[in-house]
Amino acid sequence: MEYIQAHFDEYNRQYFGGALPTLPIKLSHARGFLGKVTFVKRRSWLFGPYKNENFVLRINVRIDLPEEVVQDTILHEMIHYYIAVNQWKDTSAHGKLFRAEMARINKEGNRHIRISYRLSSEK
Ligand SMILES: [Zn+2]
């Protein structure tokens, strides 16, 4: 748990200029995903714009994964969070924005973040 928080803080500084607000991090034992960022879309008035709120980062600890996969999963989810917290609209779940950020971080950090992992049906 502290391990995931520590990585979140480190990557936030290293790759996102510290721009990501802290959010609750929960460990999950559910099947079907390695990581997930959930949030709700809310509008503050009837015809107002939707705003993404109540973010939660979930990291799956059910399967014993190599450390690097866990780290890349955290980064993968942080990209989703980065896009959603900025209220950006991507072309799809892993669209142009997502892929651009993924490529940037993979290059800067010599990492191997991927769209999906064989073990998961993560979205
Ligand atoms: Zn994803």
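A residue is called buried under 20% relative accessible area, exposed over 50%, and partly exposed in between, with a 1.4 Å probe and protein chains only. The model is predicted, so local features need pLDDT of at least 70 and side-chain atom pairs pLDDT 80 or more, while totals for chains, interfaces and linings use all residues. Residues are numbered from 1 along each chain as its sequence is written, and side-chain values use heavy atoms, without hydrogens or water.

Select first residues 67–85, helix 2; helices are DSSP runs of H or I, at least four residues, numbered from the N terminus. Of its 19 residues, 16 are buried.

Next, select Phe16 and Tyr82. Rings of Phe, Tyr and Trp (its six-membered ring) pair if their centres lie within 6.5 Å; planes under 30 degrees apart are stacked, over 60 edge-to-face, and the rest tilted. The structure contains six such aromatic pairs. Phe16 and Tyr82 form a tilted one, with 4.9 Å between centres and 55° between planes. Because Phe16 belongs to helix 1 (residues 2–16) and Tyr82 to helix 2, this pair ties together parts 66 residues apart in sequence. Tyr82 is buried at 17% relative accessibility.

Trp88 is partly exposed, at 37%.

Return to Phe16, which is buried at 4%, and show Arg104, whose charged end sits over the Phe16 ring, 5.7 Å from its centre. This description requires NZ of Lys or CZ of Arg within 6 Å of the ring centre and within 35 degrees of the ring normal.

Note on methods
Helix = DSSP H or I, 4+ residues; strand = E, 2+ residues; numbered from the N terminus. Expected span 1.5 Å × (residues − 1).
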